[in-house]
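User: I'd like to learn how to read the features of a structure like this one. Can you walk me through it, starting with how a helix sits on a sheet?

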Amino acid sequence: MENIITIQRLLEGRNEDFDKTPKTAIKMVRHADQRVGKKNDKDGAQKILIEGKPVPAGISSLYELYQYHRDLFHKYQSEQTKGRFDGIKYMVVFLGEKGTTARFLGIYKITGRQPSSIRNEEEVLELTYMPEFGPLEEKVIIDWGKSTVSWHQYFTQKKEVIRIDEGMSKADGTPIFKNYYDVILNHKQLQQVLNDPEWESKLKAVNCIYLISDKSNGKKYIGSTYGSQRIFGRWSEYAQTGHGGNVMLEELINLDPQHHAKNFQWSILETLPSNITDTEAIDHENNWKRKLLTREFGYNKN
């Protein structure tokens with residue numbers, strides 16, 4: 001099957017100055033920095049700094065930085081090695097996703113640059129957002145190609161659009177439901193989706209084996225829903241309390257009332273029938289506990 005169109009063609013006709021700018025004065029950027037949230041073995045400091053400071057606690061990827069700290073994401077992309085964008089007028093920005101894919105985030109005009117006050121080898125670009133391309137933001141997915149190491153490339157390199165989807169979130173910030181296996185929610189998003197009719201219908205349709213991950217230390221908790229409870233019923237308890245009555249999680253929140261909001265992440269490991277019995281569901285739950293060793297190294301006590 002042929003691809004839809006190139007990103008170059010798709011962006012045409014939305015801004016006259018952008019269209020007239022030589023493609024050699026435009027660079028495409030695929031942000032996929034794997035250092036975010038990782039720590040140095042030597043001193044425990046995070047490898048990546050923004051304005052000389054580590055990214056907020058609990059942020060483990062550029063995707064999360066973009067979703068939850070948009071201002072810091074833009075500061076991150078404005079800090080560049082000197083000379084890298086010399087002669088460049090526009091930056092076409094993408095977020096790296098699975099494999100060689102990339103999601104279009106927008107276009108920025110480089111209107112100035114200042115020497116970095118923190119690193120001599122860097123400069124800070126003054127980036128002006130181009131609203132004309134807003135309708136395409138977060139919706140257009142391209143194939144970056146095999147050279148994903150080359151994260152900045154001239155606009156002369158044609159990139160095929162492989163799909164156009166709904167985007168990453170609704171206007172009010174609620175994540176868009178795609179399927180059960182792509183569900184990854186922080187506590188704020190958990191509260192949002194439980195108030196969204198589309199999400200409510202999906203979460204009331206099935207039961208599941210769910211996973212709560214603590215991003216501060218990597219520990220995990222596995223739970224199950226069964227009978228008429230469904231996912232919606234069980235997760236509503238977590239939305240209210242953060243711990244859902246789980247002893248070890250409650251202990252963490254008693255020590256730090258914001259621990260769940262800063263660090264917990266909810267996802268679905270396996271969907272289960274709506275009429276599954278408690279015995280059947282717990283069998284599935286125990287199997288996952290054995291696989292992921294959450295009794296030995298996580299938050300499951302039994």
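Analyst: Helix 8 (residues 247–255) lies across strand 13, strand 14 and strand 15, and runs at about 165 degrees to strand 15. Axes here are lines fitted to C-alpha atoms, for helices over the stretch in contact, and angles run from 0 to 180 degrees between N-to-C directions. Contact means heavy atoms within 4.5 Å. Helix 10 (residues 278–292) also packs on the sheet, touching strand 13, strand 14 and strand 15, with its direction at about 165 degrees to that of strand 14. Before we go on: this is a predicted model, where local features need pLDDT of at least 70, side-chain atom pairs count only at pLDDT 80 or more, and totals for chains, interfaces and linings use all residues. Residues are numbered from 1 along each chain as its sequence is written, and side-chain values use heavy atoms, with hydrogens and water left out.

User: What is the strand order of the open sheet of 4 strands?

Analyst: Two strands pair if DSSP finds at least two bridges between them. Helices (H or I, at least four residues) and strands (E, at least two) are DSSP runs, numbered from the N terminus. Here the order is 12-15-13-14, with antiparallel pairing. Strand 12 (184–186) and strand 14 (220–224) are the edge strands, each pairing on one side only. On average, neighbouring strands of this sheet are turned by 25 degrees against each other, direction ignored.

User: How many bridges join strand 13 to strand 15?

Analyst: There are 8 between strand 13 (residues 207–214) and strand 15 (residues 264–272), which run antiparallel. For one of the partners, look at Asn207, whose bridge partner in strand 15 is Leu272. As background, side chains in a regular strand alternate between the two faces of the sheet.

User: Which strands pair with strand 9?

Analyst: Strand 7 (residues 101–115) pairs with strand 9 (residues 140–143) in the antiparallel sense over 3 bridges, and Arg103 has Ile141 as its bridge partner in strand 9. Strand 9 and strand 11 (residues 160–164) pair over 4 bridges, again in the antiparallel sense. There, Asp143 stands opposite Glu160 in strand 11.

User: Is Glu79 buried or exposed?

Analyst: Buried means under 20% relative accessible area, exposed over 50%, and partly exposed in between (1.4 Å probe, protein chains only). Glu79 has 15% relative accessibility, so this residue counts as buried. Glu79 belongs to strand 5 (residues 79–81). Leaving out residues up to four places away in sequence, Glu79 touches Leu49, Ile50, Glu51, Arg119, Glu122, Glu123 and Val124. A polar atom of the Glu79 side chain lies 2.8 Å from the backbone nitrogen of Glu51.

User: How many aromatic pairs does the structure hold?

Analyst: Rings of Phe, Tyr and Trp (its six-membered ring) pair if their centres lie within 6.5 Å; planes under 30 degrees apart count as stacked, over 60 as edge-to-face and the rest as tilted. The structure holds 15 such pairs. One of them, Phe177 with Tyr180, is edge-to-face, at 5.2 Å centre to centre and 75 degrees between the planes. Phe177 is buried, at 8% relative accessible area, and Tyr180 counts as buried at 17%. Elsewhere, Tyr210, Tyr221, Trp235, Tyr238, Phe264 and Trp266 form one aromatic cluster.

User: Which charged residue lies over the face of Tyr66?

Analyst: A charge sits over a ring if NZ of Lys or CZ of Arg is within 6 Å of the ring centre and within 35 degrees of the ring normal. For Tyr66 that residue is Arg70, at 3.7 Å from the ring centre. Lys27 lies over the face of Tyr154, at 5.1 Å.

Terms used
Polar contact = N/O pair within 3.5 Å; in protein donor to acceptor, adjacent residues only side chain to side chain.
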